[in-house]
Structure formats: structure tokens, C-alpha cells
Amino acid sequence: PKAEAALTFARALVEHTGQVSKAEFDAVRVAGHSDGEIIEIITHVAMNIFTKLLGKSTQVEIDFPKME
């Protein structure tokens with residue numbers, strides 16, 4: 001349940017472009033995540049978005065096998 005709450009919160013961050021509701025914050029806290037862990041979730045989502053944006057804009061060639 002704790003991991004599922006983190007994934008649900010991360011999905012909400014992406015779907016709402018970071019504008020998550022108080023209810024979404026409360027749900028991830030009720031599942032057992034501390035404020036520090038919530039900041040880590042937000043940071044991971046932001047880094048993944050940044051990496052994807054950087055890769056798309058620079059058209060960097062992927063140097064590892066693509067996943068199917």
C-alpha cells in the first residue's frame with residue numbers, strides 16, 4: 001500500500017503538472033510517507049521529466065539497449 005500510494009502520487013504530479021490537491025498530499029501521508037519522502041517522490045518525478053525533455057530536445061543517441 002505504501003509503494004502504491006507513492007506511485008499514485010507520482011502519477012498525479014505528472015497528470016496535473018505538479019498541481020496536486022490537498023487530498024492527494026493527505027493520501028500519500030496517510031499511507032505512511034513522511035514529508036521528506038514526499039519531497040523525494042517529487043524530486044524523482046521532476047528529474048525524470050527533465051531527463052526526458054533534455055533527451056528529446058538534444059536528440060541524444062541512446063547508448064544502451066532499448067526496452068521492448
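What follows is a short chat about a predicted model.

Q: What kind of model is this?
A: A predicted one.

Q: Start with helix 1. How many residues does it have, and how far does it reach?
A: Helix 1 covers residues 2-15, which is 14 residues. It reaches 20 Å from its first C-alpha to its last. That is close to the 20 Å expected at 1.5 Å a residue.

Q: Which residues of helix 1 are buried?
A: Ala 5, Ala 6, Phe 9, Ala 10, Ala 12 and Leu 13. They cover an arc of only 160 degrees around the axis, so they sit on the same side of helix 1.

Q: Why do residues three or four places apart point the same way in an α-helix?
A: Because an α-helix has 3.6 residues a turn.

Q: What do the buried residues of helix 1 pack against?
A: Helix 2, residues 22-30, and helix 3.

Q: And which exposed residues are on the face turned away from the buried side?
A: Ala 3, Glu 4, Leu 7 and Glu 15 are the exposed residues carried by that face of helix 1.

Q: Moving on to the loop. Where is His 16?
A: In the loop between helix 1 and helix 2. His 16 counts as partly exposed, at 35% relative accessibility.

Q: How far apart are the C-alpha atoms of His 16 and Glu 4?
A: They are separated by 18 Å. Along the chain, the two are 12 residues apart.

Q: What about the phi of Thr 17?
A: Phi of Thr 17 is near 50 degrees. That is a positive value in a residue other than glycine.

Q: Is Thr 17 buried or exposed?
A: Exposed. Thr 17 has 70% relative accessibility, and the cut-off for exposed is over 50%. Thr 17 lies in the loop between helix 1 and helix 2.

Q: New topic. How many salt bridges are there?
A: The count comes to 3 salt bridges.

Q: Which side chain meets Lys 2 in a salt bridge?
A: That of Glu 37, at 3.5 Å, N to O. This pair links distant parts of the chain. Lys 2 is in helix 1, Glu 37 is in helix 3, and they are 35 residues apart.

Q: How exposed are those two?
A: Lys 2 is partly exposed, with a relative accessible area of 35%. Glu 37 also counts as partly exposed, at 28% relative accessibility.

Q: What's the N to O distance for Asp 26 and Lys 22?
A: It is 2.9 Å in the salt bridge between their side chains. Asp 26 and Lys 22 are 4 residues apart in helix 2, so about one helical turn separates them.

Q: Where do they stand on accessibility?
A: Asp 26 is partly exposed, with a relative accessible area of 29%. Lys 22 counts as exposed, at 62% relative accessibility.

Q: And which residue forms a salt bridge with Arg 29?
A: Asp 35. The closest N and O atoms of Asp 35 and Arg 29 are 3.0 Å apart. Asp 35 is partly exposed, with a relative accessible area of 48%. Arg 29 counts as partly exposed too, at 38%.

Q: Now the surface. Which residues make the nonpolar patch?
A: Met 47, Phe 50 and Leu 54. The patch is about 300 Å².

Q: Where is Met 47 found?
A: In helix 3, residues 35-58. Met 47 counts as partly exposed, at 48% relative accessibility.

Q: What about Ile 49, where is that?
A: Also in helix 3. Ile 49 is partly exposed, with a relative accessible area of 48%.

Q: How far is Ile 49 from Ser 21 in space?
A: 20 Å, C-alpha to C-alpha. In sequence, Ile 49 and Ser 21 are 28 residues apart.

Q: Last one. Where does Asp 63 lie?
A: In the segment after helix 3. Asp 63 is exposed, with a relative accessible area of 73%.

Q: How far is Asp 63 from Lys 2?
A: Their C-alpha atoms are separated by 34 Å. Asp 63 and Lys 2 are 61 residues apart along the chain.

How values were computed: Residues numbered from 1 in each chain as written. Predicted model: local features only at pLDDT ≥ 70, side-chain atom pairs only at ≥ 80, totals over all residues. Heavy atoms only, no water. Patch = residues over 30% accessible without salt bridge, like charges linked within 9 Å, V, L, I, M, F, W, Y side chains within 5 Å. Areas by Shrake-Rupley, 256 points an atom, 1.4 Å probe, with all protein chains shown as cover. Salt bridge = Lys/Arg side-chain N within 4 Å of Asp/Glu carboxyl O. Helix = DSSP H or I, 4+ residues; strand = E, 2+ residues; numbered from the N terminus. Buried < 20%, exposed > 50% of the residue type's maximum accessible area, 1.4 Å probe, protein only. Expected span 1.5 Å × (residues − 1). Arc of directions from axis to C-beta. Contact = heavy atoms within 4.5 Å.
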